[in-house]
Amino acid sequence: MIPSAFDYAAPTTVAEALEALAGAGDDVKLLAGGQSLIPVMKLRLADPAMVVDLGRIGELSGVSDDGDALLIGAMTTHHQIATDPLIAAHVPLLAQAAATVADPQVRHRGTFGGALVHADPAGDMPAPVLATEATFILNGPDGERRVAAADFFQGYFTTAVDDGEILTHVRVPKYTAWGSHYEKFTRVAQQWSIVAVAAMVRVEGGTIAEARIGLTNMASTPLRATAVEQALIGASLTREAIAAASSHAADGTDPASDLNGDARYRRHLAEVLTKRAVIAATGL
């Protein structure tokens, strides 16, 4: 339970962090909140020669208004996401999801950007961010690069962040007039999601005008339930119509089978949880 020896850098600016990354070679890890990295280092499943701690870079933390979007620093904690008034007003889905992450201790240390770059398919933040159609802002040796959420998650624990790059901010469009809900299924409290659904809907004149649905743990990456989204557009605001649209939740998914449930069970959960999430988002 003791990590191997490693060199340590604690930069105070993004420029200093990039310089430390560039000088460390290939065997380097970035430390955000440490809720995933430190446990695997203690087990020596990760054994970096250098750790670059981002915790002292103030510009990477906080939420600000950016016109038609919110700009969220990568080092913003889950607790900050869950309690920030701008997020509550404009993208409440993120607050709802962040409030379900692990326990209070983890939410106060774990970071928004760290969870996204870690890209655990059972993690709670990637699917809501995917559903919001956010943009990831990366900084590296060649300057700033922006990546759409649809292109960011590339595989199991794999993202579009290249060697030498740092995720600095996530730009999330505002969904001020939308209803939202994050529905998570676990066997015990504070567990990773067996399946979860992030839902946002815009209701107009008694029908659903637009919908965004993100799925957690239904493949090696978070997924958009596009078949459900399309079926919801123009649907009447009834439980029956929502149930019919939600029956497509598992279309195009590839869930794993493990001790928590097989693929068939997860597909069933996706349908049930999507129906619950959309009903809650509409306020029915």
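Me: Accessible area here comes from the Shrake-Rupley method with a 1.4 Å probe. On that basis, what does the accessible surface of the protein chain come to?
Reply: In this predicted model, the surface comes to about 12700 Å², and carbon and sulfur atoms hold 50% of that.

Me: What makes the protein chain as compact as a globular protein of its length?
Reply: Start with the parts: there are 12 helices and 14 strands. The globule rule takes 2.2 Å times the number of residues to the power 0.38. For 284 residues that rule gives 19 Å, and the radius of gyration is 19 Å, close to the rule's value, so the chain counts as compact as a globular protein of that length.

Me: Which share of the residues is called buried, and why?
Reply: Buried means under 20% relative accessible area, and 49% of the 284 residues fall in that class.

Me: How do you know that the span of helix α12 agrees with its number of residues?
Reply: The rule is 1.5 Å times one less than the number of residues. Helix α12 has 20 residues (263–282), so it should span 28 Å; its end C-alpha atoms sit 29 Å apart, which agrees.

Me: Which residues of α12 are buried, and what do they pack against?
Reply: Among them are Ala 263, Arg 266, Leu 269, Ala 270, Leu 273, Thr 274, Ala 277 and Val 278.

Me: What follows α12?
Reply: Gly 283 does, with a positive phi near 85 degrees.

Technical notes: Residues numbered from 1 in each chain as written. Predicted model: local features only at pLDDT ≥ 70, side-chain atom pairs only at ≥ 80, totals over all residues. Heavy atoms only, no water. Helix = DSSP H or I, 4+ residues; strand = E, 2+ residues; numbered from the N terminus. Buried < 20%, exposed > 50% of the residue type's maximum accessible area, 1.4 Å probe, protein only.
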